[in-house]
Amino acid sequence: MTYNPDLLDRAKRHPEKQKNPDRPMGKKPDWIRVKAPQGAVYEDTKDIVKKFKLTTVCEEAGCPNIGECWNKKHATFMIMGEVCTRACSFCNVATGKPDALDKMEPLRVGVAVEKMNLKHVVITSVDRDDLDDGGAEHFVKTIEAIRFKSPETSIEILTPDFKNKDGATDAVARGRPDVFNHNLETVPRLYPTIRPGARYFTSLRLLERVKEVDPSIFTKSGLMVGLGETREEIGQVMDDLRAADVDFLTVGQYLQPTPKHAPVERFWTPDEFADLEKWARAKGFLMVSASPLTRSSYHAEDDFLKLKAARADKLKHAVI
Ligand code: SF4
């Protein structure tokens, strides 16, 4: 048998998925194509990530936008290690038993944000169901370290559901990030196959709770399409998110990372994304970003400015 390092790496990253049958990864439509990552700023970003021993979701999730984002010095840092305690069927982050938390990591992230002179930063993490607080305190420490090293930087966090552990969401919200993002990822019917370790209403409640703790924090959530959901089901999720007072919705096309992951059921066209965006705006979100390559942190800095402007405009026109 020929030695194939790629297959070996995939098997190590996703041991739980090796029993799945291979599901062919069909050809992507033209509108999904992206340029190979390269360029001077891209290399600078890569050097900083390496120098500060940071992990990025851009690399771990094999994000198609890495060339564009890193060339604008926009990377999404992933804290609490590279190994996730869950095994979602869409996700390319490695599954297994994670290492102990690195207590110096929050400071390293803070220093990197300062060195990169970032105006806006996005911090995400793996799921840490093994920790008593699901990693809430580590998130707070990271927010504090960034505020200390780079007080002008706006902070966006993209969190797991902390396995619904007592007080975790409240603690992180009290850390006062500017944007609190938690992705629903898919419609409730598909949770058992796509996000088996999570519960739809737990995630929805987390988003609602953030606003109860601090209504000034912007809340944000994201969906992937192409997993077999219907337009009507997406509409219901939009209504649920609005009922939880979520401000910002992102919708992007799911891409299958390996043949062992959930297959793409279909590619939604750019026109269908435009239709979803229009529909979501009509339902009252302050901001909506829907396109085939939209990801939670794609264009996050520009979108944060638009989000602030949209809230200011809404308040200006509010009837008191
Ligand atoms: S969209 Fe987000 S995850 Fe993807 S490369 Fe850009 S910053 Fe990284």
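Q: Which residues of helix 5 are buried?
A: This is a predicted model, where local features need pLDDT of at least 70 and side-chain atom pairs count only at pLDDT 80 or more, while totals for chains, interfaces and linings use all residues. Numbering starts from 1 along each chain as its sequence is written. Buried takes 20 or more other C-beta atoms within 10 Å of a residue's own, exposed is 12 or fewer, and partly exposed is in between, with C-beta atoms placed from the backbone. In helix 5 that picks out Glu 105, Pro 106, Val 109, Gly 110, Ala 112 and Val 113.

Q: Within what arc do the buried residues of helix 5 fall?
A: Look down the helix axis and take the directions from it to the C-beta atoms. The buried residues line one face of helix 5, because they fall within an arc of 165°.

Q: What covers the buried residues of helix 5?
A: Contact here is two C-beta atoms, placed from the backbone, within 7 Å. Helices (H or I, at least four residues) and strands (E, at least two) are DSSP runs, numbered from the N terminus. The cover includes helix 2 (40–51), strand 1 (76–79), strand 4 (120–125) and helix 6 (136–149).

Q: How far does helix 5 reach from its first C-alpha to its last?
A: Helix 5 runs over residues 105–116, twelve residues. The expected span is 1.5 Å times one less than the number of residues. The actual reach is close to that expectation, at 16 Å.

Q: Is Thr 258 buried, exposed or partly exposed?
A: Thr 258 sits in the loop between strand 8 (248–253) and helix 11 (270–282). With 19 C-beta neighbours inside 10 Å, Thr 258 counts as partly exposed.

Q: How far apart in space are Thr 258 and Pro 106?
A: Pro 106 is one of the buried residues of helix 5. In sequence, Thr 258 and Pro 106 are 152 residues apart. C-alpha to C-alpha, the distance is 32 Å.

Q: What radius of gyration does the chain have?
A: It's taken over C-alpha atoms, and the globule rule is 2.2 Å times the number of residues to the power 0.38. With 320 residues, a compact globule would come out near 20 Å, which agrees with the chain's 19 Å.
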